[in-house]
Amino acid sequence: MYFIAPSILSANFTRLGEEITNVIDAGADWIHFDVMDNHYVPNLTIGPLVCEAIRPLTKAVIDVHLMVKPVDRIIPDFAKAGANVITFHPEASEHIDRSLSLIRECGCQAGLVFNPATPLEHMDYVMDKLDVVLLMSVNPGFGGQKFIPATLDKLRKARAKIDAYQRESGRRIRLEVDGGVKVDNIAEIARAGADTFVAGSAVYGAAKDSDPQRYNSIIAALRAELATVPVAAR
Ligand code: DX5
Ligand code: ZN
């Protein structure tokens with residue numbers, strides 16, 4: 001039910017392959033892949049070439065978070081590179097419905113990402129094309145920022161919209177949260193309705209040494225917190 005998605009943004013890039021296999025072996029569910037273009041966000045990261053390089057290392061879902069503008073040109077490249085989920089920001093696409101359709105036509109799951117001040121209404125008329133709704137709990141562009149508390153109320157609102165849609169359609173949409181997720185707040189975030197948790201610095205910042213077991217304890221600690229959430233709130 002609950003998925004943990006370490007963001008490789010905070011991984012040691014000199015040993016990226018090991019960093020990925022180690023978190024998956026430690027029990028992570030998805031690999032969160034942050035794509036930044038120094039245009040939509042003020043940072044520059046990784047593209048389809050890196051996605052293609054890591055694809056053979058794991059069967060886990062590669063969750064590509066596009067922080068690029070425009071989005072449509074790069075979508076087929078990520079699909080070919082082995083992405084499973086592709087999400088983008090509504091502000092970065094001229095035609096949101098078209099971009100979602102393009103992702104699905106390319107054989108991937110599609111999602112919209114909401115910045116802290118972006119209203120949730122962008123999802124209202126495209127629910128049937130969404131597999132994931134991702135709420136940013138920091139402003140996009142950098143790892144290691146502090147969780148913005150107003151996200152909790154927004155998560156409750158997104159959860160209500162998704163639950164209403166799921167009851168009507170029988171189709172599941174995941175509610176993902178990204179930014180400042182730590183052991184000490186993940187349970188509260190889950191109680192507000194999230195089911196998929198991106199964690200960059202909490203996982204990869206935990207230890208920079210070369211002990212391959214070092215991710216087991218942090219992922220176990222995140223899961224132990226999630227286990228405290230009452231079943232009725234899941
Ligand atoms: C920020 C990225 C996040 C980031 C999260 O723009 O989208 O995925 O890596 O990092 P933490 O967990 O350190 O806030
Ligand atoms: Zn992200």
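## Exercise 1: The zinc site

Along the sequence, the donor residues of the zinc ion (ligand 2) follow the spacing H-x1-D-x30-H-x112-D. Before you start, note that this is a predicted model, where local features need pLDDT of at least 70, side-chain atom pairs count only at pLDDT 80 or more, and totals for chains, interfaces and linings use all residues. Residues are numbered from 1 along each chain as its sequence is written, chains are lettered from A and ligands numbered from 1 in the order in which they are written, and side-chain values use heavy atoms, with hydrogens and water left out.

**Task.** Find the protein donors of the zinc ion (ligand 2) and name the arrangement of its donor atoms.

**Solution.** 
- Step 1: Donors are N, O and S atoms within 2.8 Å of the metal (3.2 Å for Na, K and Ca); water is not among the atoms, so sites may look incomplete.
- Step 2: The protein supplies His-32 (NE2), Asp-34 (OD), His-65 (ND1) and Asp-178 (OD), at 2.0 to 2.3 Å from the zinc ion (ligand 2).
- Step 3: The arrangement is octahedral because the 6 donor atoms subtend angles of 69 to 171 degrees. The rule for six donors asks for opposite donors over 155 degrees apart and all others between 65 and 115.
- Step 4: Ideal angles for six octahedral donors are 90 or 180 degrees.

## Exercise 2: Where the donors sit

**Task.** Are His-32 and Asp-178 buried or exposed, and in which strands do they lie?

**Solution.** 
- Step 1: Strands (E, at least two residues) and helices (H or I, at least four) are DSSP runs, numbered from the N terminus.
- Step 2: His-32 belongs to strand β2 (residues 30-36) and Asp-178 to strand β7 (residues 174-178); they are 146 residues apart, so the pair links distant parts of the chain.
- Step 3: Buried means under 20% relative accessible area, exposed over 50%, and partly exposed in between (1.4 Å probe, protein chains only). His-32 and Asp-178 are both buried.
- Step 4: Asp-34 is also found in strand β2, and it counts as buried because its relative accessibility is 5%.

## Exercise 3: The enclosed space

**Task.** What volume does the largest cavity have, and which residues lie nearest its centre?

**Solution.** 
- Step 1: On a 1 Å grid over the protein atoms alone, a cavity is a set of points where a 1.4 Å probe fits but cannot get out; lining residues have an atom within 4 Å of a point.
- Step 2: Grid points are joined across faces, edges and corners, and a volume is the space filled by probe spheres set on the points. The largest cavity comes to about 200 Å³.
- Step 3: Its lining has 25 residues, and Phe-142, Gly-143, Gly-144, Asp-178 and Gly-179 lie nearest the centre.

Methods: Tetrahedral: all angles 85-135°; square planar, octahedral: opposite > 155°, others 65-115°. 1 Å grid on protein atoms, 1.4 Å probe; cavity = no way out; pocket = protein on both sides within 12 Å on 5 of 7 lines; lining within 4 Å.
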